[in-house]
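Here is a short briefing on one protein chain. Look over the sequence and the model before reading on.

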Amino acid sequence: MSIQSYEQMVLIPHHYDSHKAPTKKVVVNNSLQFPATDVLASVTVFDLIDINEEESVFSILFSLVLEWRDLNLNYNFLKENKENNIIKDQVYEAMWRPSVQFLLLQAGSRVNELDRHVTVQRRTGATMVGDVA
């Protein structure tokens, strides 16, 4: 894939607000509605690193996957395999992202991000503008 097409995989409109969850107005039974953004979350625990019974704390290595659909962004050149649709950090920082918080952390501890892998999944049945009749 060329650098130009790679950089333009996700196009952010000038009116886009990365501080607001993505929504699009829809008309349902002649009523204007703004449905909430659904965020699917899945956690996979890879390793239980440490258990401290005295302090009732433990350390784990895990993966957190978040999925949502942002109808306010435009997408180009998406491949069928989402692993080929990696988003650059510059675009990622300009997008709305769900806020993730980990409650009940031990005082002074923090969550270390070892790897961030951001992809775009092509929806089945997607058409190019030129394909629409």
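This is a predicted model: local features need pLDDT of at least 70, side-chain atom pairs count only at pLDDT 80 or more; totals for chains, interfaces and linings use all residues.

Buried residues account for 14% of the 133 residues.

**Fold**
- Along the sequence, the order of elements is α-β-β-β-β-β-β-α.
- Take the contacts between residues at least 6 apart in sequence: 67% of them join residues at least 24 apart.

**Surface**

**Nonpolar core**
- The largest nonpolar core comprises 12 residues.
- Its members include Met9, Val10 and Tyr16.
- Leu73, Leu78 and Ile87 also belong to this core.
- So do Val91, Tyr92, Met95 and Trp96, along with Val118 and Val120.
- Tyr92, a core member, touches Ile87, Arg97, Arg116 and Val118 when neighbours within four places in sequence are set aside.
- Among these partners of Tyr92, Ile87 and Val118 are in the core as well.

**Asn81**
- Asn81 sits in the loop between strand 6 (74-75) and helix 2 (89-94).
- Thr119 is 38 residues from Asn81 along the chain, and their C-alpha atoms are 9.7 Å apart.

Conventions:
Residues are numbered from 1 along each chain as its sequence is written. Side-chain values use heavy atoms; hydrogens and water are left out. Helices (H or I, at least four residues) and strands (E, at least two) are DSSP runs, numbered from the N terminus. Buried means under 20% relative accessible area, exposed over 50%, partly exposed in between (1.4 Å probe, protein chains only). Contact means heavy atoms within 4.5 Å. A nonpolar core is a set of buried Ala, Val, Leu, Ile, Met, Phe, Trp, Tyr and Cys residues joined through side-chain atoms within 4.5 Å.
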